[in-house]
Amino acid sequence: MDMEIYKAMCYSLAKAYTTGVRIYQDETPLYYYSSYYIEPDPFGPFLHQITDSDQEAGIITTSLYQFYAFLTLNPGLRLIIGPTRALNEDGKAMDELLATLGVGKDEKNHYVRWLCSAPVIHIERLAWLIVSLMTSIQKRPFPVEKVWKEKPSVSMEESVRMAYTERTMNNLEDMGISLSHYIQQKKIEEAKKLLQFSDRSLSEIASLLNFSSQSHFQTIFRKSTGVTPLSYRKQTKMIS
């Protein structure tokens, strides 16, 4: 295949999976496309993990539990897909990545939102995607067992938490529910408990559940339940 065909492949993959796709010749970037283009490219700090690998194809996992998949097009020429959504909420790991990338204070919130809204693609789905691409490129079967996987060393507690988060995200994706909607639902459920079983003020509840303001909390609560927080409190207090 010539470079124009490889570029067309990258463009199609980026559109299909809503993430970034690149072509590198050794350590030199030749092409990059993302449906949500952002600078600097978050892939930079992980370049050597891929260029130094002697594997034909594989997947690396970052400290934020994001995946980058790669496959060899020609000797030294590699296609790289990613990142997937950050599933590790460790603030230290995020701060270290942003510092490495040189993301400024004014850009931080936007950049973090972008990393946390990237697509959720399970590592096994990525592996099978690579198998499909390698089989097509090489014109011969490429077994999934040949897809090399590298994961960062994490504690058992972190591993369990990440696995649970990943399963939750996959379940939400299957149900067609966005992460922001899921979080909002959980906040409203907790707000109902606080309204019924505590005497906390609305401003305290709004602050405790990380709403931007009391007014925002009241608006979201009424939209979700059909009644205001105070009305809900009165109704449930009378029942209990």
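Colleague: Which side chain does D41 meet in a salt bridge?

Modeller: Happy to start there, and keep in mind that this is a predicted model. Side chains of opposite charge can pair when their charged atoms come close. For D41, the N to O distance in the salt bridge is 2.7 Å, and the partner is R22.

Colleague: Where in the chain do D41 and R22 lie, and how many residues apart are they?

Modeller: D41 sits in the loop between β2 (28-34) and α2 (47-51). R22 belongs to strand β1 (residues 20-25), so this pair links distant parts of the chain, with a separation of 19 residues.

Colleague: Are D41 and R22 buried or exposed?

Modeller: A residue counts as buried under 20% relative accessible area and as exposed over 50%. By that cut-off, both D41 and R22 are buried.

Colleague: Which parts does the salt bridge of K149 and E124 tie together?

Modeller: The side chains of K149 and E124 meet at 2.8 Å, N to O. The two residues are 25 residues apart in sequence. K149 is partly exposed at 33% relative accessible area, and E124 is partly exposed at 35%. Because of where each residue lies, the parts tied together are strand β6 (residues 148-150) and helix α5 (residues 123-138).

Colleague: What separates K186 and E189 along helix α7?

Modeller: Their side chains meet in a salt bridge of 3.8 Å, N to O. K186 is partly exposed, with a relative accessible area of 41%, and E189 also counts as partly exposed at 41%. Because they are three residues apart in helix α7 (residues 179-197), the separation is about one helical turn.

Colleague: Let's turn to α9: what does helix α9 reach from its first C-alpha to its last?

Modeller: Helix α9 covers residues 214-225, which is 12 residues. At 1.5 Å a residue, 16 Å is expected, and the helix is close to that, reaching 16 Å.

Colleague: Why are the buried residues of α9 on the same side?

Modeller: The buried residues are F217, I220 and F221. They are on the same side of α9 because they cover an arc of only 100° around the axis.

Colleague: Which exposed residues does the face of α9 turned away from its buried side carry?

Modeller: The buried side has F217, I220 and F221. The face turned away from it carries the exposed residues R222 and K223.

Terms used:
Residues numbered from 1 in each chain as written. Predicted model: local features only at pLDDT ≥ 70, side-chain atom pairs only at ≥ 80, totals over all residues. Heavy atoms only, no water. Helix = DSSP H or I, 4+ residues; strand = E, 2+ residues; numbered from the N terminus. Expected span 1.5 Å × (residues − 1). Buried < 20%, exposed > 50% of the residue type's maximum accessible area, 1.4 Å probe, protein only. Arc of directions from axis to C-beta. Salt bridge = Lys/Arg side-chain N within 4 Å of Asp/Glu carboxyl O.
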